[in-house]
Each structure stands twice: as C-alpha cells, then as structure tokens.
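Subject: Structure handover

Hi,

Here is the structure I said I would pass on. Have a look at it first, and my notes follow below.

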Amino acid sequence: MKRFRTMLPIFAAITGSLLALGAAHAQEPIRIGEINSYTGPAAVFTMPYRNGMQMAVDEINARGGVIGRKLEVIYRDDNFSPADAVRLANELVLNQKVDLLAGTFLSPIGLAVANYAQEKKVVFVAAEPLTNQITWGKGSRYVFRVRNPMIMLTSMLVAKAATFSCSRWAGIAPINEAMADLTADFKAQMAKKRKDFVWAGDLTFPNQKINAGSAIDSLTRMKPECVLNSTYGPDLIAFAREGTTRGFFQKVQMASVLSGEPEYLDPLGEDTPVGWWVTGYAWSDDNRAEHKKFRDEYTAHFKTYPRLGSLIGYATIQAIAAGITRAGSTDTEKLIKGLRGVQFDTPVGRVTMRAGDHQSTLGSWIGQLALKDGKGVMTNWTWVDGNDALPTEQEGRALRPAGAND
Amino acid sequence: MFDAAEIVNILLNGWVISATLFIVSSGLSIVFGVSRISNFAHGSLYMLGAYIAYSTVHALPRSGYSFIVATLVTALAVGLVGLLIEVSIFRRLYRVPHHLQLIATFGIFLIVRDVALITWGPQELFSPRVPGLAGAVDILGQAFPAYNLVLIGAAVVILIVLQWVFQRTRWGVLLRAATQDRDMVAALGVDQKWLFTGVFVLSAMLAGLAGALDAPRLPASLGMDINVIIEAFAVVVIGGMGSIVGCFLASLLVGILTAVSTIFIPQLTLALVFVVMALVLVVRPQGFFGKNAGASWEDPGEPEHGTHERADLSRRGWVILLALACLLPAVLPAYWLDTLIETLILMFVAWSFYFMAGPGGMMSFGQAAFFGIGVYTPALLHHYYGTHMITGLVAAPIAAGLAALAVSWFAVRLSGIYFAMLTLAFAQIVWSVVFQWFDLTNGELGILNLWPDPWASDRRVFYFLTLTITAAGIAALRHVVASPFGYSLRAGRDSERRAEATGINVRRQKSIAFALAGMLSGLAGGLMLYLKGSAFPSYLDIGTSFDVFVMALLGGLQSLNGPIIGAVIYRVLKTLLQTYVEHWNIIMGTALILLSLFMPRGLSPLIERFSARRSGKLT
C-alpha cells in the first residue's frame, strides 16, 4: 500500500501528460507514409519525385497547411522489393501512426501496398505505378491513383500509330505484366482502327537483361515495317545504340511508350533515336503559364530541371491535400469520401480524382524524339487531357471488383 | 529456315555476349584458384569499371586514342581499388572460415553499390560511341557493329596473354603451384602475401577492363554488379575453377545459348544458364577443364570443441524465456508484435539452415529455394483450389521437403564450393521459373491476399501459433543434433572416410539432414506467407539465400544458440538501418566485414563470456 502511495504522483504525471498530448493533437501534423524505391536502380525516378513532393509540402505548409494542420511526409525505402514494401507499410501504419499511405513506383510494389491498404483499411494514394489493375481489376475502396494508367498511354500511341503509312507491326518488350497489357491492348485497338493491321510477332526478354544484338536480329527476321517498343531504362539505351548502329531504325517506323520521359530520354544523349513517336514529358517546351512557373521554381530550388517524377510527386501531394481539405478530416472513411471526385490544381491544369474508379484525369504528352545540342527532346508534341484518352468513368467502374465502390 | 548468314550472325552475337563475360569470369576464377575465396564483390569491380570508364572518357578529348587511354586508366584504377581491398580486407580473410569470407565479400558488395550511387548518382550513364568504330561492318549481308569485333578480339587477346602469363612466366608458375598446393609453395619460401596481392590486383584489373569495354555497349547502371556476378559464378563452375581455357569455352557456351534462347525461348533465358550449370555439376563437378581442386576448400578449419554450449541456458532458463515470450503479446504494440513474429520465423529458417551447415557441414547458397517453395505452395494451392491455412501449413513443409530430398540426391555427392554452387543453381532455377512463368505464378506481381483463417486472424493468436511451431521445431532439431544421428552427421562432416569406415552411410545421413532442413525452412516459409499475406519471387532470390546464410552463421558455427542470436541481431539491425538511414548499405556492409574479420567465431562467444561472468565462472 505504501508503495502504491509513492507511485501515485507518477501515475498522475503520466495521466496528465497523456491528457496534454490529447489536447495537442489538433496541432499535430498530418502524417503521410510514403514508400518508394529510394536506393538501387529506380533511384533515378524517385529522387526528382521526392523533390517534387517536398516542394508541394513546403508550399502548402507555408500557407498554413490543410485543415489547420501541417503536412509531414515520412519517407521509407522499399529496397525494390514488394515484400519489404509491405513490411514498411505496416511499420508506417502501426508504429508511425500515419494518416494515409502514398507513393510507390514499380507496379508489383504498388499492387502489394494496395492489397495491404485494403486489408488494413488505410487510404493509399498510389503515385506512379502504371499497371491498369491498381484502380480497375484489383481496385478497392481504399486505393486511388494519380498517374495515368498504361492503357491511356496505349490509346495515345494507337491514335498516332494508326496514321503511320506502315501496317505490319512487331513488338519488343521486357517480360512483365504492364508491358504485356500494353502489347495486348495495342493489338486490339489497332485492329479496330486499321483493317490492314498485321502483327508479325513479339520479341520478349527478361527485364534489364536485353541482348540487343540478338534481339534486333530476331526482330529483323520478322520483317516488320513498324515496331512497338516497350523497352525502358538500361535495356532501351542498349537497344537504341545497337539498332542505330545496325541501321535497323532506318528500315522501320517506331512507336514507343515512356521513352520521351526525361528519366529515360536523358541517358540516351546523342544516341536519341530521332523520329520515334513516344509518350513522355515535354518539360522544356511546355510553356503554359502554370507549368512554366512550376519549372522555374523547381529549377531555382533544386538546381536542375523537373523530371516527370517531380511533376507526379507534386501532383500527388496536391491530390492528398485537396482530399483532406474536402473531407475536413483524416478519418479513413471521411477521407475516401473526400478524395472521391475531388478536383485539384496541378502545374498542367485542373485534375479530377474520378469518383467512379479512383483514377485521376492527369494528362500526358505524345511527340517525336529529336536531338538538340546533343540531348534528346520531344518535338511536334501535343498535350493529351486524361478525360480524352482514359476509358470513361463508367467503363472504369465496370471493371472494378464488387465492393470497391461502396 | 535459317541460312548460313543468319547462323553466323547468331553465333557472332553469342560470342559478343561471351567476350566481356569471359574477361570478368577469368578474374573471378584465378582468385578462386589461388585463394579459394568466392569473391561475391567481383561484379562490383566490373560495375566500378564501367562508371570510371564513363567519367574518364568524358574528361578526355574525343578520339579513338582517348578510348584506349580511358580503358587502360580504368583497368589500372580498378586494380588500385583491388589493391586497397586486398591489403585492408582480403589479406585478413585468407585464414578465416569460408562462410565468413563470403559474408565479408558480400559486405564489400553492399558498400560499393552505395558508393557508386553517391558518386555517380542513380541515372544510367552511357559512354559515347568510340570514334572510328561507331558504324557497322557487313558480314555476309548483315550489318554487324564494328565495336563488337573489338570486344571479340579483346577476349581472345586476354585469353592469350593470361595463358602466356600462367604458362611462361615465373610468377605464373608460382601461381599455378599455389593453386595446387598453397602450403607447399609457402614451405618453399615464396612470399605468399604478395603473390596473393598480385593475383587479386590482376583479377580486379580484369573486372575493371571488362567494365570499361562494356561501357560503350551497355550503360553503366546500379544493377550491373549482381547481374554479372551470378553469371560469372556459373561460367567459372562450368569451365572448371581456376582454368582459363575452361572459362573461355564456358563463357562462349553461355553466350551462344543466351543468343539462341533470346530468339527461340525468351522465357527460359534466365533459367538456361543455371540448368547447364546444374547439369555440369551433376555429371562432371570439376567443370570442363577443372582439376578437382575442391580438396583445400573442405579443410574443416579449427577442430570443433563439441557443439555444446559452455553457457547454454539451463532447462529452467528456457522455460522462463518461453514464459516471457508468452507474456509479450500483452505488452507489445502491434507493430513490434508483427516484427517479433517475423523474427521468430527467421530464427526458425536460420536454425534449420544452421542444422545443415553446422553439424552437417553443408554450406548451401540456395536455402531460399526451400523457404520460397514453402511460401509458394500454400499460395498456389489457395489460388487454384481455394485451400485454407492449415492445409497450406501442412503442404508447405511436404513440398519443400520433397524438393530438398530430390536435390539432395545430387547435392550430397558434392562438397565444399561444388555443393554450394549446385544449391545456388537450383535456387536460381526455381526463382527464374517463379519469376518468368507468369501464367502459373503471376511472376513479379506475386500472389496477393492470403491471410490466416478467421480463428488465427488475431495477431496474438497467430503469434502463439508461430511461437509453438518455432519452439517445437527448434527443440526437435536440437534434440536431433544431440542424438546418435547428430553425432554420425558430425562424424561425416569432420572425416568422411573415417565415418564411412565405421559403417556410417555418410551420404544417406547428409541427405536426411538436407531434406529435414529444407522441410523446416518450407514450414517457416508457410508461416511467413500468412504473416505477410502475399508471396513474391523475392522470397526465392539470392538476397534471401544470403540473409539466411548470414543470420545462421553470424552467431558462430559452433553455437547452438548462434542462429537465434544471429536472426535477432541481423533482423533488428536491418530493420533499423533501412528505416532510418538513407545509405544503409554502407553501414550494413561495414558491419558484416568487421564481424567477419574480428569475430571469426561469431557473436555467441561474446554472449557466452557475458553469461559466464554473470554466473561467476571463468573459462
């Protein structure tokens, strides 16, 4: 009993400080748990992405935050592994008590975190994964995506490729789900647009392990007039140089996904294959006022120009902030309602997070590769609004599993 | 269907692939031949070569001479890096047990990767085309890049030079002598120290040269190290350890197979190399041209002072520990409970691996295969047949155990590095199948949404389930180690011939131990699946094998509690570093190197000393 009495002040102190903590809660920052591949080969994407994200957070906090609270982003490196990403998501949710999850770049990691978010009933705003599945086939109430899905890029390419003079196509792609989807959708859409469309064959290879010489040999044997390229990263670089050296690109017309994004285009340098039609990011040429402002501020702050990742990181934070403001709370159920159909401003215009399928209407660029001062750039580009190139909200909604729209 | 020109073209493409692969592998091979170290960091030197070549070429005016200068400068620079590594780390490694050598070189691998990221940034860097060699030449009507002919030529020149050095110079003769019998060379008064340093520098220069030669063909990127080292290991094994000619022919074989499979069976390109490697190991373990150099790899090291703990916990101690473990869910926050479950599972894998590697003397590089089969079996059963958790947890060890039994039939005939390489090949084959057979396994997307049955969905229930299985499994293995079977296993490890002479069927004992270890790793894999709710190919990759290897052996080969201590420390260290430190690879790598160099008996002696002091015993 005596011991209890001596302990009493300690209990009182603990209770008191807990109460004080509760009172301080209103001023606590909103915590966003951000998972991405910050080390290893994908770091080239995630550093500009993180910069863009931080820029948006700083701007919002300078204005006083959202719903009276500052934003705080807690970054975690997923080590390029879906298994690690799930572990870190768990750490962020249970240990860091984040209000929502965000981020991811690779599709498998995005899907893994999405599955976790669904199981644990946490909101997850997927930033960069391209897979169609994340908002549609495997969509859920808890998952929203900012970047355009692969099928939108496919439709943009098809619109251009259908105007090519050639009709006999072949494809070169690393073996993965997103690129398999791209090829399948491309074939289906092209067949509808061009009666004379012929598919000569696929050349596939393990990701990051292309043997460019053998690949071009094999493609040549299919005798295509035009080629759909879905290689990226180191594979694209080796393919572009070997193809130029072997005179392959003089014989075919090329349509290529992603290659116009500075992340993939810049390392090509003088090897930039001129004339390819690509989806990408015309960062240097797109002089719309808001975008120019974003580019200038970003460049001044980070001493380098923005990459596509910077734009997406920036837009992701805007989407989250707008969703929380609309919800007036970070409570998961309210936040889902807040994010559904929320409109937010980005450097490339106003974007809607569609209520029906949790897909944002962020647009993209399509254009032709050219060389300027030894660097690859996009020319003849057009900006395509998401509303014009995405499947409609009704179509998207129909693809989602039962319960994803409750 | 194929005319002569096309066949020639396919062969030439294969030869190009093989050219730099040969130069890299030859370096790995000679270091192995002389020092018996499987240098896991050799691919990192190749990667450094590519980056340094890029920087050097850009610092020089653009001409064909610059390319030659840059290539030579790179080879010398990487040679210098090799010198530093040899003098500071490798020199101390030659006398430590083999498993620690491997752990230390893995530490170097981690450090180099982060250093490259810090120095050159994450973007791929592509050296410019070589002036004068930018175009293509016409070979039987097909355009063939002129530079590729340089690569083919360089490989042949290196082959001739290395042959000359090894056959005609005094240094080469000493090297060959050291390859055959290190101790005899030392007894004859040759200063081994500088011989070894020389070999290591030569090997580093070869890696750097290969990186520099590849720089105008492949962009320098951060994944180069791991890609090349796995293939180089395969080439060295196929060609025969320490044989330069064997290395050349093996890389040619791998190159041509890769070129052919790119065209005909792209789904198999990853697995094919390892299938060939496994076949060679089964049919002719010493490779095409290797002499059976395995003997010195198997020296058992310091004689074992029994596997008994001097400071093992008493029975009462274990009971108290278990009781404490039972109380933990009441006090631990949810996240730490999850971490604890994961640590328990890792302890279990580490222990099953230790059982095979310690008392069994079988150092596998591919335990991830069985762990991964344990993850994937229930996942696939659920995916296709809708089975529940209990069925899954029964099926996981059965499938993994059967796979291990099948592999053991081939593996126990081999020992030392050959055994390790066969297990690596098997693990890589399983990994490639899971990774590339999209229709069956969903490939890199993995199989998602597998959670425990409702009765075990409460984390505390799942914790007790894991605790029960893990504790029972480890207790059973400890019991086996102390049983007659355990003693005969150790007898077979320490002296196969003597054990055979006393009537022990060593191969059968090893087979059983291997299968048992595989089975229990599979059970642990099953638990991991239901903890995480998903199956990914990364559970099967070489990184996982390495994690298991480190956890099991960090604690020390002689300690029954080593795997437990190792799993806890490794997991906690990795979790904390990965969560809070940006360049965590450097710290992890340094820690691994220091542990290997300065604590050759692992971490457990520290703890033994601590508990000995507590109980007042001084040993």
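**What turned up**

B:Lys574 and B:Asp547 form a salt bridge, with their closest N and O atoms 3.2 Å apart (a salt bridge is a side-chain nitrogen of Lys or Arg within 4 Å of a carboxyl oxygen of Asp or Glu). B:Lys574 sits in helix H23 of chain B and B:Asp547 in helix H22 (residues 542–554) of chain B, so the pair ties together parts that are 27 residues apart in sequence (helices are DSSP runs of H or I, at least four residues, and strands are runs of E, at least two, numbered from the N terminus). Both B:Lys574 and B:Asp547 are buried (buried means under 20% relative accessible area, exposed over 50%, partly exposed in between, with a 1.4 Å probe and protein chains only).

Before you go further: this is a predicted model, where local features need pLDDT of at least 70 and side-chain atom pairs count only at pLDDT 80 or more, while totals for chains, interfaces and linings use all residues. Residues are numbered from 1 along each chain as its sequence is written, chains are lettered from A and ligands numbered from 1 in the order in which they are written, and side-chain values use heavy atoms, leaving out hydrogens and water.

Over all chains, the search finds 27 salt bridges. In chain A, A:Glu242 pairs with A:Arg246 at 3.0 Å between the closest N and O atoms, and both residues are buried. A:Asp217, A:Glu242 and A:Arg246 are joined into one network by salt bridges that share partners. A:Asp345 and A:Arg350 also form a salt bridge, at 3.1 Å from N to O. There, A:Asp345 is partly exposed at 44% relative accessibility, and A:Arg350 is exposed at 52%.

Now for the interface. Chain B puts 65 residues into the contact and chain A 59 (contact means heavy atoms within 4.5 Å). The rule finds 3 salt bridges across it. B:Glu231 makes a salt bridge with A:Lys209, with 3.3 Å between the closest N and O atoms.

Last, the cores (sets of buried Ala, Val, Leu, Ile, Met, Phe, Trp, Tyr and Cys residues joined through side-chain atoms within 4.5 Å). The largest nonpolar core has 218 residues, and B:Trp351 is among those that touch the most other members. H13(B) gives the most to this core, with 15 residues. A second, separate core has 111 residues, including A:Phe105 and A:Tyr281.

Cheers
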